[in-house]
Amino acid sequence: MQKLTPEYLSGLKTKDILSLDPAEHCGFHSVYKSGTKYFPPTDKASKKYGENYGQMKNFGEWLRSFIEEHHVKVLVSEALDGGGKSWVSMRKLANFHGIIQEISETYNIPIHYVNQKTLKHWATGNGNANKDLMVEYCMKRWKIEPVDDNEADAIHLFYHFCKMYGVRA
């Protein structure tokens, strides 16, 4: 998989970045599109593939399509760092991260992970910021009104990466 080397970073533009807040309600942000995409659980998968197979398949197809359509060169995502409420939700989140990892390796695209508390502190000044505060600061800092907290997180991830690495339009 491609690494975020100084040479690779020097060629990046904002149009090359897709940020993700991966979950059943997946927040995403790029210069092309932004929003929250819902990937509902499906009952159509056979038991041998597992209960979330259809959901993960749909997420993977959407992500591949977005990468191909917009020539994405880097993915930015919240890290899988144990902030979940239950073991079941963390397992599902790990599945989403596995899909992102597999796709990044297939397309030779680097992934940059950001710890949730780091992102919240950077975005609001409070590492324990709640969802409403993340939305509020998205509107204050970036003048973007997100559809929900998932999109707000993705927008903050996008700008955090751009600021950290000096990526411009």
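This is a predicted model: local features need pLDDT of at least 70, side-chain atom pairs count only at pLDDT 80 or more; totals for chains, interfaces and linings use all residues.
Asp16 is paired with Lys15 in a salt bridge in which the closest N and O atoms are 3.4 Å apart, although Lys15, at 40% relative accessibility, is partly exposed.

This pair belongs to a set of 6 salt bridges found in a search of the whole structure. Another of these joins Lys131 to Asp149, with the closest N and O atoms 3.5 Å apart; since Lys131 lies in helix 5 (residues 131-142) and Asp149 in helix 6 (residues 149-165), the pair ties together parts that are 18 residues apart in sequence. Here Lys131 is exposed, with a relative accessible area of 52%, whereas Asp149 is buried at 18%.

Helix 2 (residues 53-70) and helix 3 (residues 87-107) pack at an angle of about 35°, and their axes are 10 Å apart; the crossing of the two helices is right-handed. Among the residues that make this contact are Met56, Phe59, Leu63, Arg64 and Ile67 of helix 2, together with Phe96, Ile99, Ile100, Glu102 and Ile103 of helix 3, and the contact as a whole comprises 9 nonpolar, 3 polar and 4 charged residues. Within the set of salt bridges, Arg64 and Glu102 meet through their side chains at an N to O distance of 2.8 Å; as Arg64 belongs to helix 2 and Glu102 to helix 3, the pair ties together parts that are 38 residues apart in sequence. Both partners are partly exposed, Arg64 at 29% relative accessibility and Glu102 at 35%.

How values were computed. Residues are numbered from 1 along each chain as its sequence is written. Side-chain values use heavy atoms; hydrogens and water are left out. Axes are lines fitted to C-alpha atoms, for helices over the stretch in contact, and angles run from 0 to 180 degrees between N-to-C directions. Helices (H or I, at least four residues) and strands (E, at least two) are DSSP runs, numbered from the N terminus. A crossing is left-handed if the near helix is turned anticlockwise from the far one by less than a right angle, and right-handed if clockwise. Contact means heavy atoms within 4.5 Å. Ala, Val, Leu, Ile, Met, Phe, Trp, Tyr, Cys and Pro count as nonpolar, Asp, Glu, Lys and Arg as charged, and the others, Gly among them, as polar. A salt bridge is a side-chain nitrogen of Lys or Arg within 4 Å of a carboxyl oxygen of Asp or Glu. Buried means under 20% relative accessible area, exposed over 50%, partly exposed in between (1.4 Å probe, protein chains only).
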